[in-house]
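Please read the following briefing alongside the sequence and the coordinates.

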Amino acid sequence: MRALGYAKSLRPIEVRAVHVGSGEEARLVAAAWEERHLTTPLEIISGDPHELIDPIRSYVRGMNVAEDEVISVVMPEVYEGTGRREMVRQRRALLLKAALLFERRVVVTDVPVLATESRPAPRGPIIPTRVIALVLVSAVHNATLRALEYARSLSPTELRAVTFNVDHDETMRVLNEWANFVDDVPLEAVDSPYREVTRPLIKYARQLHAETPDSVVSVIVPEFVVRRWWHQFLHNQTALGIKYALIFEPGIVVTSVPYHLD
């Protein structure tokens, strides 16, 4: 219900809900969905719920979208705790997100919820009062500008861009380039005394969320996507660290916006 509420808050052209399953398990999910009288219909994709990649990838590829449209895949994830073991238990979701990054015109958003917060299940979608889009900027390149355009398309309540001052000279160069390319969204430089990104990012995102507890902070991460998956792993260590650092933060979702290197 949190993922559905977040999807609705984006004011998209269309919202779809899909479930991969078959038999009695799929029937029970469909019945629970119908019992809530939700306005968004649920589509059942026949398949093994333990093997999500092929059914979801085929579904996404079969969607009729225009060249200037984007498919936002919003993935709810329920965690029993906040340790690293929970990430391992969510292996299927992790593999699905990695696979979807290679699909063009697809962005992926994680909506994590602790199990204690998901029971009893809400009767309807939980729509945030405000959505604050926060674009992470390490440099001014095509991946960053694409992420910024995606953030604009969400029509968020507030749109921010932030970079982290790991090296003064590099930060000044990024600020100057941003001013030359972007004139409607100021770039904020946040000090990083330990020359790393995750801790100041967590502090910054928490402060944004604390100002309006009913809001959602959507941290938008630009990612270069290369052809081979093992190259992808080498190129996106920082992005992986950011996702792990934020995945258990309440009121914060992480969106990956891929930029494909041909």
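By how much of a helical turn are D54 and R57 separated in helix α3? The two residues are three apart in α3, and therefore about one helical turn separates them. This is a predicted model, in which local features need pLDDT of at least 70 and side-chain atom pairs count only at pLDDT 80 or more, while totals for chains, interfaces and linings use all residues. Residues are numbered from 1 along each chain as its sequence is written, and side-chain values use heavy atoms, with hydrogens and water left out.

**Confidence**

- The chain averages a pLDDT of 87, and 89% of the residues score at least 70, pLDDT being the predictor's confidence in each residue, from 0 to 100.
- Over residues 229–237 the pLDDT is below 50, and this stretch has twelve contacts in the model beyond near neighbours in sequence, a contact meaning heavy atoms within 4.5 Å.

**Helix α5**

- Helices (H or I, at least four residues) and strands (E, at least two) are DSSP runs, numbered from the N terminus.
- In helix α5, which spans residues 91–100, the buried residues are A93, L96, K97, A99 and L100, where buried means under 20% relative accessible area, exposed over 50% and partly exposed in between (1.4 Å probe, protein chains only).
- Viewed down the axis of α5, these buried residues fall within an arc of 160 degrees, so they line one face of the helix; the arc is that of the directions from the helix axis to the C-beta atoms.
- The packing partners of the buried residues of α5 are α3 (53–61), β3 (71–79) and β4 (106–114).

**Salt bridges**

- The structure holds 16 salt bridges, each defined as a side-chain nitrogen of Lys or Arg within 4 Å of a carboxyl oxygen of Asp or Glu.
- R105 forms a salt bridge with E67, their closest N and O atoms being 3.8 Å apart.
- Because R105 lies in the loop between α5 and β4 and E67 in the loop between α3 and β3, this pair ties together parts that are 38 residues apart in sequence.
- R105 counts as partly exposed at 26% relative accessibility, whereas E67 is exposed, with a relative accessible area of 69%.
- The side chains of E158 and R130 also meet in a salt bridge (3.3 Å, N to O).
- Salt bridges that share partners join E77, K97 and D110 into one network.
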